[in-house]
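I opened the model to look up its disulfides, its cores and a few strands and helices. The entries follow in the order I made them.

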Amino acid sequence: MDSIQIVFIFALMTAKCVRANPPNFVLLFTDDLGYGDLGCFGHPSSLTPNLDKLAANGLRFTDFYVTSPVCSPSRAALLTGRYQTRSGIYPGVLYPGSKGGLPLNETTIAEVLKSQGYSTAIIGKWHLGVGLNGTYLPTRQGFDNYLGIPYSHDQGPCENLTCFPPDIKCFGRCDVGMVTVPIFFNETIKQQPADFLTLEETYSNFASQFIHDAVHNKQPFFLYYPSHHTHYPQYAGEEYAGKSLRGPFGDALMEFDGTVGKILQTLAETGVINNTLVFFTADNGPELMRRSRGGNAGLMKCGKGTTYEGGMREPAIAYWPGFIKPGVTHALSSSLDILPTFAKLAGASLPEVQLDGVEMTNILFSLGPSERQAMFYYPTNPSEKYGVFAVRWGKYKAHFYTQGATHSMTTPDKDCSFLALKYYDPPLLFDLEADPSENYNLTGSDWDPVRQQINDLRVQFEASMVFGESEIGKGGDPVLEPCCTPECSPKPKCCQCTSEL
């Protein structure tokens with residue numbers, strides 16, 4: 001038997017094993033992390049040894065995009081494989097008292113995988129609504145278990161809360177006049193306000209126990225960890241506070257990286273690391289207005305809140321020992337593509353709706369080209385009137401509109417903070433391979449065919465887009481803000497409780 005036959009037989013045996021033992025999935029999702037914030041993406045002083053290990057032994061994506069430069073819409077698209085405009089998670093983000101949330105008729109990754117017998121859990125930041133009596137919590141959207149703060153941890157007063165030991169108060173005031181941030185276990189508030197010094201350890205322990213339980217029960221599992229790190233205000237417990245080289249931001253990032261390490265250790269200890277796809281990325285670009293506390297977009301222009309590259313191009317890593325070879329891919333990819341990819345690997349049917357994601361197995365296992373033809377950039381406040389602000393096709397990106405954002409102020413680049421809407425005819429055009437910083441507009445008639453091709457894609461895409469009713473446009477009601485003692489008075493100050501997590 002020659003070597004080619006041996007390789008062929010081994011491949012067949014491996015394929016049969018995968019079908020007999022569906023892979024587990026761990027999806028890691030950081031908050032307000034810039035393209036240039038990780039050591040493996042070029043930051044000179046970030047201490048992220050576990051993420052760097054994933055990158056060194058897995059597949060690093062250089063051209064990976066999310067669908068929005070702010071939290072809630074990006075998370076909706078990640079979990080549904082659909083642009084946020086379809087599900088109604090726009091404009092902006094959801095708040096503790098929001099009346100709306102991710103519609104229950106949207107199908108999440110968790111629901112897709114549950115149809116195949118997966119155990120599902122989420123730890124961390126949900127940010128897709130709470131609603132009346134927990135209508136929009138993760139437990140109503142396909143997750144068996146939930147432990148976390150259901151929105152951003154700055155969406156509540158924090159000036160008297162401790163973010164670093166022994167008793168260093170959180171930087172800034174966060175949102176005042178509402179309840180302090182709660183920690184939910186499934187649909188019950190267990191702690192309010194959250195204890196930031198022990199929060200990450202609690203999440204790490206919960207994740208490990210979930211994996212142990214699933215393996216013990218011989219169930220495939222999906223663990224979704226949308227971290228609060230590195231969103232403002234940064235925090236870290238005793239193990240990581242003051243240990244990084246980047247101050248509070250670096251400590252928070254290092255603490256997240258530590259949890260990644262503990263999850264990997266648990267996968268190894270339970271014997272499932274070789275049957276688990278770990279995927280890492282982030283929700284949107286860095287909040288540059290926070291200066292050194294706000295992250296770094298690296299070479300990319302601007303950051304959070306903008307449709308420049310710094311707002312929506314994110315670091316991404318895929319890791320699966322024995323299946324994904326170490327390397328780098330420049331294939332155009334998106335958070336939209338995760339649902340169809342997980343579904344294919346799990347042998348699950350896709351939702352019978354208009355999906356915007358394409359599966360990435362050719363990229364993951366063969367370093368092949370992407371099935372994605374284009375990426376469409378929506379602003380924080382998308383509308384049918386203006387449509388998409390920018391389109392990437394191949395290596396070219398055209399801006400039809402630009403607008404700066406408060407989130408990206410303080411940088412020397414005036415485009416980042418120029419808040420007026422600017423329209424371009426012809427659109428600005430950049431070669432992102434030669435000019436990832438979007439500095440040099442390609443002018444002259446030689447580029448007209450490229451502009452025309454991109455505009456045709458834009459017109460075709462917008463003709464297919466049906467805007468869902470705005471869930472954020474439904475407004476809010478202070479009565480809906482989560483309170484562990486709902487009958488107490490006076491609110492919101494009386495909403496306080498502590499129980500064992």
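What is the torsion about the S-S bond of Cys302 and Cys416, and is the disulfide left-handed or right-handed? I read about -90° for the torsion, so this disulfide is left-handed.

Before going on, I noted that this is a predicted model, in which local features need pLDDT of at least 70 and side-chain atom pairs count only at pLDDT 80 or more, while totals for chains, interfaces and linings use all residues. Residues are numbered from 1 along each chain as its sequence is written, and side-chain values use heavy atoms, with hydrogens and water left out.

**Disulfides**

I took a disulfide as a pair of cysteine sulfur atoms within 2.5 Å, and by this rule I count six. Cys302 and Cys416 are joined with S to S at 2.1 Å. Cys302 sits in the loop between E10 and H8 and Cys416 in helix H11 (residues 414-417), so the link ties together parts 114 residues apart in sequence. Helices (H or I, at least four residues) and strands (E, at least two) are DSSP runs, numbered from the N terminus. Both Cys302 and Cys416 are buried; buried means under 20% relative accessible area, exposed over 50% and partly exposed in between, with a 1.4 Å probe and protein chains only.

I then looked at Cys484 and Cys497, whose sulfur atoms are 2.5 Å apart. The torsion about their S-S bond is about -135°, so this disulfide is left-handed. Cys483 is joined to Cys495 with S to S at 2.0 Å, and this link is left-handed too, at -105°. With the bonded cysteines numbered in sequence order, I wrote down the pairing 1-4, 2-3, 5-6, 7-11, 8-12, 9-10. Cys71 is in no disulfide, and the nearest cysteine sulfur, that of Cys174, is 13 Å away.

**Strand E1 and the cores**

I found seven of the seven residues of strand E1 (residues 24-30) buried, so the strand is largely enclosed by the rest of the structure. Asn24, Val26, Leu28 and Thr30 lie on one side, and Phe25, Leu27 and Phe29 on the other. E1 pairs in the parallel sense with strand E10 (residues 276-282) over seven bridges, and with strand E9 (residues 221-226) over five bridges. Two strands pair if DSSP finds at least two bridges between them. Leu27 stands opposite Phe279 in E10, and Phe29 opposite Pro226 in E9.

For cores I used sets of buried Ala, Val, Leu, Ile, Met, Phe, Trp, Tyr and Cys residues joined through side-chain atoms within 4.5 Å. The largest nonpolar core has 109 residues, and Leu28 and Phe279 are among the members that touch the most others. Apart from it lies another core, of 33 residues, including Met312 and Val391.

**Glu309**

Is Glu309 buried or exposed? I read a relative accessible area of 0%, so Glu309 is buried. Glu309 belongs to helix H8 (residues 309-312). Its side chain makes a polar contact of 2.9 Å with that of Lys397. A polar contact is a pair of N or O atoms within 3.5 Å; within protein, one must be able to donate a hydrogen and the other to accept it, and residues adjacent in sequence count only if both atoms are side-chain atoms.

**The open sheet**

I noted an open sheet of four strands in the order E14-E15-E16-E17, with antiparallel pairing. Strand E14 (374-377) and strand E17 (422-431) stand at the edges with a single partner strand each, so one side of each has no neighbour in the sheet.
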